Amino acid sequence: MPAPVVLIAEQLSPATIAALGPDFEVVHVDGTDRDALRASLADADAILVRSATQVDAEAIGWAPKLKVIARAGVGLDNVDIKSATQAGVMVVNAPTSNIISAAELTVAHILGLARHLQRAHASLSAGEWKRSSFTGTELFEKTIGIVGLGRIGALVAERLRGFGVELIAYDPYITAARAGQLDVELVELDELVARADFLTIHMPRTPETLGMIGETQLKAMKSTAYVVNVARGGLIDEAALSAALDAGEIAGAALDVFMQEPPADTVLTGNGRVNVTPHLGASTDEAQEKAGVAVARSVRLALAGELVPDAVNVAGGAIDEYVKPGLPLTEKLGQIFAGLAAAPVATLDVEVHGELSEYNVEVLKLAALKGLFTQVVSDPVSYVNAPLLAEQRNVEVRFSSDTAAESFRNVITLRGVTEDGTRVSVSGTLTGPKQVEKVVEINGYELELPISDHLIVFSYTDRPGIVATYGGLLGEAGVNIAGLQIARDEKKGTALSVLSVDGEVPSELIDRLGEAIGAEMLRAIDLVVD
């Protein structure tokens, strides 16, 4: 079997390649060359990028085998997450790789503004000696306003505290207790802009945050105040900032990010009161190595069929080792459920019973949906697009867990109703030191049979001679029965037989079996194995 192809579309650290390990074929391409990118994506199982490569809907369409897009960094502006999700492609990034570098650059920009470092450097480089033109200000006892007290904002606060500053912050999602731990006073945005001597913003760019520091906020600031943006371009309205600087409403600004990169004009980059850097927040050797190594590990997990805690388009989070064996079992139960259903599924309940319920097991809902739709649609199905497929087909999905399990330590049950009103259920468990996958219930019949790739399930009126009948027909056709379990409902006078066989059974033979035993229900289920 050929090794999975990992496409490296931009320059990444040697540690990134080393973290991938020897199990992959690594291919390098210039991701900004669209023709070369298209040719390389045809065979790619994964692609690793930084910020220059556009992994848009068109590029995703060029990659029929693609399973994971890995951004060696935080921002995902160059990745079409919606198109990736629809295609079942996992998107991962390295959300904590650059937080120290970004926080340190923020502090550097604040100090640079306070002491006019860039202007003084340019003046001296031009042969001038104008010490009196660059009289600065101390940070001591100044008020620093932090907009966004998340991971980077908190690091900025920790680093600035040693300067003897007063720290205030606006963040609607941070509790007063968390702010208190950082020795930061929480205030409303209006109060923050009025009090701050230096304002630094650390928010994601969303429709709600775009331009959140605009004309109103800038006019409310002190004329001696400075603003800093090392987060995302556009959080500070660039036109309003330029106007505020020209009007003397604020003293200056420092920008590492811009609405358009590189900037389309020099209105801000050429302004003597604006210190600028070309998006260097993550541009340290340490941050680049952390980002590359982190996403390389995520790629390994994704290509091994596992969920990745840092995946941005998969709900799940970290998976406990005790839960992981339940994922392939639940996927197979989902496939069996789909095979038992003779009509489209209207509702699906995923139930976890036993010790497993003491863990975070909602990921098993994803596994059940992945298994279900693997048997239903022809396109690739993954943990990523399975919930979307359920939503598109109006399948109502519910999840529950409890500690009650009578015959086994753990039981996973899928039960639901098809659009024609038929009720379907299947339950499974893992048994013994080798964690053997077994089906232990089908449509209310209790049984215990190891799950195989090929199953025949049928119910019929319980009477003598049935086993001999279907055994004879299968034997004559050269189909070997690897396992057999019969369950009976004596009240109804019916029985259920589940056979595991060595290969697919022709539909003509299935029809003959049904006629010979007078089957009330008969399904041949062939599991799709990744």
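Reader: Which residues does Leu414 touch, not counting residues up to four places away in sequence?

Author: In this predicted model, Leu414 touches Thr330, Leu333, Gly334, Phe337, Leu348, Asp349, Val350, Ala368, Val424, Ser425 and Val426, with residues up to four places away in sequence not counted.

Reader: How many residues are in the largest nonpolar core, and which of them touch the most other members?

Author: The general idea comes before the case. In soluble globular proteins, nonpolar side chains tend to be buried together. Here the largest nonpolar core has 73 residues, and those touching the most other members are Val6, Met90, Val299, Leu414 and Val426. Helix α14 supplies the largest share of this core, with 8 residues. Another core, of 30 residues, lies apart from it and includes Val187, Ala225, Ile250 and Val274.

Reader: Which residues of helix α17 are buried?

Author: An α-helix has 3.6 residues a turn, so residues three or four places apart point the same way. In α17, which spans residues 507-517, the buried residues are Leu509, Ile510, Leu513, Gly514 and Ile517. Because they cover an arc of only 140 degrees around the axis, they are on the same side of α17. Glu508 and Glu515, on the other side of α17, are exposed.

Reader: Against what do the buried residues of α17 pack?

Author: They pack against β19 (454-461), α16 (466-476) and β22 (521-526). Just after α17 comes Gly518, which takes a positive phi of about 60 degrees.

Reader: Which residues other than glycine have a positive phi?

Author: Most residues other than glycine have a negative phi, and most peptide bonds are trans. Two cases may be considered here. One of them is His116, which has a positive phi of about 55 degrees although it is not a glycine. His116 sits in the loop between α5 (99-115) and α6 (117-125). With a relative accessible area of 14%, under the 20% cut-off, His116 is buried. The other case is Asp183, with a positive phi near 60 degrees. Asp183 belongs to the loop between α8 (176-181) and β8 (185-186), and its relative accessible area of 54% makes it exposed.

Reader: Which residues does a cis peptide bond join?

Author: A cis peptide bond joins Glu261 and Pro262, with omega at about -5 degrees. Pro262 lies in the loop between β11 (252-255) and β12 (274-276).

Reader: How many aromatic pairs does the structure hold?

Author: The structure holds 4 aromatic pairs. One of them is formed by Tyr322 and Tyr359, 5.0 Å centre to centre, with 35 degrees between the planes. An angle under 30 degrees would count as stacked and one over 60 as edge-to-face, so this pair is tilted. The pair links distant parts of the chain, 37 residues apart: Tyr322 is in the loop between α12 (285-303) and α13 (326-340), and Tyr359 is in the loop between β13 (345-354) and α14 (363-374). Tyr322 is partly exposed, at 29% relative accessible area, and Tyr359 is partly exposed, at 33%.

Phe458 and Tyr460 form another tilted pair, 5.8 Å centre to centre and with 35 degrees between the planes. Phe458 is buried, with a relative accessible area of 1%, and Tyr460 is buried, with 2%. Ring pairs also link Phe458, Tyr460 and Tyr470 into a cluster.

Reader: Over the face of which residue does Lys370 lie?

Author: Lys370 lies over the face of Tyr383, at 5.8 Å from the ring centre.

Reader: Is Gln335 buried or exposed?

Author: Gln335 counts as buried, at 3% relative accessibility. Gln335 is part of helix α13. Not counting residues up to four places away in sequence, Gln335 touches Gly371, Leu372, Thr374, Gln375, Ile525, Asp526, Leu527 and Val528.

Reader: Where is Tyr226 found?

Author: Tyr226 is found in strand β10, residues 226-229. At 10% relative accessibility, Tyr226 counts as buried. Neighbours within four places in sequence aside, Tyr226 is in contact with Leu113, His116, Asp197, Phe198, Leu199, Met221, Ala251, Gly252 and Ala253. His116, listed among these contacts, is the residue with the positive phi of about 55 degrees.

Reader: How many residues apart are Tyr226 and Phe399 in sequence?

Author: Tyr226 and Phe399 are 173 residues apart in sequence, and their C-alpha atoms are 51 Å apart in space.

Methods
Residues are numbered from 1 along each chain as its sequence is written. This is a predicted model: local features need pLDDT of at least 70, side-chain atom pairs count only at pLDDT 80 or more; totals for chains, interfaces and linings use all residues. Side-chain values use heavy atoms; hydrogens and water are left out. Rings of Phe, Tyr and Trp (its six-membered ring) pair if their centres lie within 6.5 Å; planes under 30 degrees apart count as stacked, over 60 as edge-to-face and the rest as tilted. Helices (H or I, at least four residues) and strands (E, at least two) are DSSP runs, numbered from the N terminus. Buried means under 20% relative accessible area, exposed over 50%, partly exposed in between (1.4 Å probe, protein chains only). A charge sits over a ring if NZ of Lys or CZ of Arg is within 6 Å of the ring centre and within 35 degrees of the ring normal. The arc is that of the directions from the helix axis to the C-beta atoms. Contact means heavy atoms within 4.5 Å. A nonpolar core is a set of buried Ala, Val, Leu, Ile, Met, Phe, Trp, Tyr and Cys residues joined through side-chain atoms within 4.5 Å.
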